[in-house]
Amino acid sequence: MKKILVFTSTRADYGLLKRLIKDLKKNFDTKVVVSGTHFSKKYGKSIDEIIKDKIKIYKKIKWPSFNDKYLNITSNFSSTLNGFSKILNDNKFDLVVLLG
């Protein structure tokens, strides 16, 4: 069975990816990685929406320096990239879906 990885980091991209994720899960081994503002109360803590939609989260990549007053973009991007790279190195996916 083909393995597909879907990466989501914001409420906006999750809204675009949700239907695709559900459709892919019907025919493929689909894993979902969650990062970014999904964990922020300021931006609606949209990880709760993913859980409510009964989409199983394969891995979470949390931002190390995220808070609602100050966002260290470089540190957070580096952490996300490192976590994502580890996931790709540890698994063999046939397709990766991410919006950018």
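Phe-7 and Phe-84 are both buried, where buried means under 20% relative accessible area, exposed over 50% and partly exposed in between, with a 1.4 Å probe and protein chains only. The model is predicted: local features need pLDDT of at least 70, side-chain atom pairs count only at pLDDT 80 or more, and totals for chains, interfaces and linings use all residues. Residues are numbered from 1 along each chain as its sequence is written, and side-chain values use heavy atoms, with hydrogens and water left out.

Rings of Phe, Tyr and Trp (its six-membered ring) pair if their centres lie within 6.5 Å; planes under 30 degrees apart count as stacked, over 60 as edge-to-face and the rest as tilted. That rule gives 1 aromatic pair. The ring centres of Phe-7 and Phe-84 are 5.0 Å apart and their planes are at 65 degrees, so this pair is edge-to-face. It links distant parts of the chain, 77 residues apart: Phe-7 lies in strand β1 (residues 3–8) and Phe-84 in helix α3 (residues 73–90). Helices (H or I, at least four residues) and strands (E, at least two) are DSSP runs, numbered from the N terminus.

Next come the charges over rings. A charge sits over a ring if NZ of Lys or CZ of Arg is within 6 Å of the ring centre and within 35 degrees of the ring normal.

| Charged residue | Ring | Distance from ring centre |
|---|---|---|
| Lys-3 | Phe-93 | 5.0 Å |
| Lys-59 | Tyr-58 | 5.4 Å |

Lys-59 is in strand β3 (residues 59–61). Its relative accessibility is 38%, so Lys-59 counts as partly exposed.
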